[in-house]
Amino acid sequence: MERPLTKNIDAGREPLGLKDYEAAGGYQAVRKVLQEMTPEEVTAAVKKSDLRGRGGAGFPTGLKWSFVPMGDDAPRPKYLVCNADEMEPGTFKDRVLLEGDPHQMVEAMIVAGYAMGADVGYIFLRWAYRLANQRLLAAIAEANAAGYLGDNILDSGYSFKLHVHTSAGRYICGEETALLNSLEGKRAIPRAKPPFPQISGLWGKPTIVQNVETLCNVPHIINRGADWFKSISRSAEGGTKLYGVSGRAKNPGCWELPMGTPIREIIDEYAGGMQDGLKLRGLLPGGASTDFLVEEHFDTPMDYASIAAAGSRMGTGTMILLDDGNCPVGMVLNMMEFFARESCGWCTPCREGLPWVEKILQAIEDGNGCAEDLDRLSAHARDLGHGNTFCALAPGAMEPLQSSLKYFREDFQSHITNKRCPWS
Amino acid sequence: MLNDQVQKEIRGELEHYPTPRAGCIEALKIVQNHERWVSDTALQEVADLIGIPAAELEGVATFYNLIYRQPVGKHVILLCDSVSCWLTGCGKIRAGIKQRLNIDFGQTTADDRFTLLPMACLGNCDHAPSMMVGEVLHQDLTPESLDQILEGVD
């Protein structure tokens with residue numbers, strides 16, 4: 001089984017420095033694109049691989065890049081931004097890549113930067129990732145000294161500067177246009193689209209925002225080609241995926257596996273199944289803003305199309321397990337507290353609706369719910385859904401709510417009928 | 001007054017961005033590194049240094065979770081209370097901190113040593129529950145390990 005993204009990663013030691021990274025085949029993709037390929041050819045290679053964004057939305061990467069104005073009369077400077085603000089609850093995959101192989105991240109930025117003709121790159125890193133920050137800064141310093149960054153890289157005529165920007169905390173910064181506002185030193189509220197960032201992004205210039213894991217795939221696609229990329233998956237969607245498991249499994253963790261590895265296999269073979277005495281009731285396949293899946297779905301392959309067909313989203317691919325020793329109402333309440341707290345407050349449905357949902361759930365959990373509350377929650381799930389809010393935060397929040405009302409309805413009802421939480 | 005060292009660090013950060021304004025969040029963090037929190041005076045001085053209205057900088061400062069506009073203790077405990085940590089018992093850790101330090105979310109100990117704040121998912125979910133004390137990450141927390149961690153803080 002090939003693990004291109006994590007092949008250099010060994011949690012038991014320091015990440016590879018520049019020399020060791022080069023010895024392991026590192027920076028070959030930079031040499032290849034600068035010496036043998038035009039930017040358009042790099043974008044075409046990524047397009048051919050069908051790589052889809054690993055940050056949650058699954059947008060085709062090559063297609064995204066193709067919207068950037070190219071050529072001598074394109075607006076400058078152009079910016080490449082890596083979204084390393086990993087704050088989706090239950091998600092810890094980008095941390096593995098950033099801490100484990102920082103040079104891979106730097107190389108990916110250079111290759112992608114070249115493809116779009118970027119002059120400057122920013123890695124937008126959440127503050128809490130202190131170790132990743134330290135290791136990225138060390139890798140960037142080494143890459144600068146070796147001539148992989150800066151002016152006229154490897155005598156190619158291409159110049160690219162790379163900075164790390166550490167955030168000051170706010171979930172909404174993961175939304176790409178809010179992230180751009182944050183980078184500009186403003187409150188991180190989302191922008192209206194269009195214009196899309198590829199046309200008018202950071203400081204009004206062409207900008208691509210791309211997730212860590214997505215970018216880290218790019219050097220490997222350049223080195224080994226689209227056919228190889230598609231061949232290492234178990235699905236119609238190519239490549240590998242960093243899958244994670246958290247909750248009360250025996251061995252929670254993160255593993256790079258072929259795209260399309262079934263849910264049950266990830267939980268049983270890699271996470272070691274549930275802790276003794278606990279039964280798996282359901283799971284969120286890719287972070288807190290994805291719909292619950294239950295027993296009938298556990299043989300589903302973890303890829304975008306299959307998880308969508310099962311009624312959820314693969315999201316970040318890091319699943320959160322609900323066991324029978326935890327209360328489903330309490331779990332959903334916890335997530336709604338999170339979303340209500342992290343709402344940026346820009347649009348009314350999200351700012352006002354999420355705290356209302358939270359209060360209703362709190363009442364149910366405390367034994368103060370009434371029969372009409374379930375209808376009120378369903379109405380919110382609809383009214384805060386896609387198309388009714390400025391960005392995807394509240395619609396994402398409604399996904400676990402609406403699916404919990406479907407799959408765990410008897411638990412909600414028992415709280416209301418018996419006026420107490422059976423788990424408390 | 002922002003001392004020379006703070007001003008120097010802020011000016012260094014501003015070089016990473018095409019407009020000074022873009023460095024304002026970093027500037028606030030630099031002030032915090034030196035003074036623990038951002039006072040009204042410091043806010044005004046940073047605004048003047050960067051060249052934006054203080055009211056605008058206040059809008060930025062109050063938006064971000066990790067910019068403190070109130071005094072905090074010497075060590076800020078950021079306890080993750082997101083879903084993976086909730087499933088694995090962060091409530092017991094919160095109770096343990098309350099029992100030991102007599103503080104809940106948003107509060108500071110009487111001796112000014114610790115402030116406890118809730119933290120959005122720390123991205124360390126395979127080792128939940130997790131928290132940070134200052135810049136140090138602590139994981140796989142239990143009420144017992146909590147005691148050891150707090151005793152080990154100076």
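A salt bridge is taken here as a side-chain nitrogen of Lys or Arg within 4 Å of a carboxyl oxygen of Asp or Glu. By this rule, the side chains of B:Glu135 and A:Arg130 form a salt bridge, with N to O at 3.2 Å. The structure is a predicted model, in which local features need pLDDT of at least 70 and side-chain atom pairs count only at pLDDT 80 or more, whereas totals for chains, interfaces and linings use all residues. Residues are numbered from 1 along each chain as its sequence is written, chains are lettered from A and ligands numbered from 1 in the order in which they are written, and side-chain values use heavy atoms, with hydrogens and water left out.

Chain B contains 7 helices and 5 strands (DSSP runs numbered from the N terminus, with H or I of at least four residues for helices and E of at least two for strands). From the N terminus on, the order of elements in chain B is α-α-α-α-β-α-α-β-β-β-β-α. The C-alpha trace of chain B spans about 50 × 30 × 25 Å along its principal axes.

The contact between the two chains (heavy atoms within 4.5 Å) involves 39 residues of chain B and 51 residues of chain A. Chain B and chain A bury about 3,700 Å² between them, and 58% of this area lies on carbon and sulfur atoms. Buried area is the accessible area, for a 1.4 Å probe, that two parts lose on being put together, summed over both. Of the area that chain B buries against chain A, 19% comes from B:Phe63, B:Trp86 and B:Leu87, more than from any other three residues.

Between chain B and chain A, 25 residue pairs are in polar contact, with both residues at pLDDT 80 or more. A polar contact is a pair of N or O atoms within 3.5 Å; within protein, one must be able to donate a hydrogen and the other to accept it, and residues adjacent in sequence count only if both atoms are side-chain atoms. On the side of chain B that touches chain A, two or more residues come from each of α2 (24–35), α4 (54–61), α5 (83–87) and β3 (114–119) of chain B. By class, that side of chain B has 22 nonpolar, 11 polar and 6 charged residues. Ala, Val, Leu, Ile, Met, Phe, Trp, Tyr, Cys and Pro count as nonpolar, Asp, Glu, Lys and Arg as charged, and the others, Gly among them, as polar.

The salt-bridge count over all chains is 38. A:Arg130 lies in helix α7 (residues 130–145) of chain A and B:Glu135 in the loop between β4 (131–133) and β5 (136–138) of chain B, so the pair joins two chains. The interface of chain B and chain A has 2 salt bridges.

Within chain A, the assignment gives domain 1 (18–231), domain 2 (240–323) and domain 3 (328–418), with bounds from an automatic or database domain assignment. The C-alpha centres of domain 1 and domain 3 of chain A are 35 Å apart. Their contact takes 11 residues from domain 1 and 10 residues from domain 3 of chain A. These two domains bury about 930 Å² between them, 75% of it on carbon and sulfur atoms. The interface of domain 1 and domain 3 of chain A has 1 salt bridge. The side chains of A:Arg170 and A:Glu342 meet in a salt bridge at 3.4 Å, N to O.
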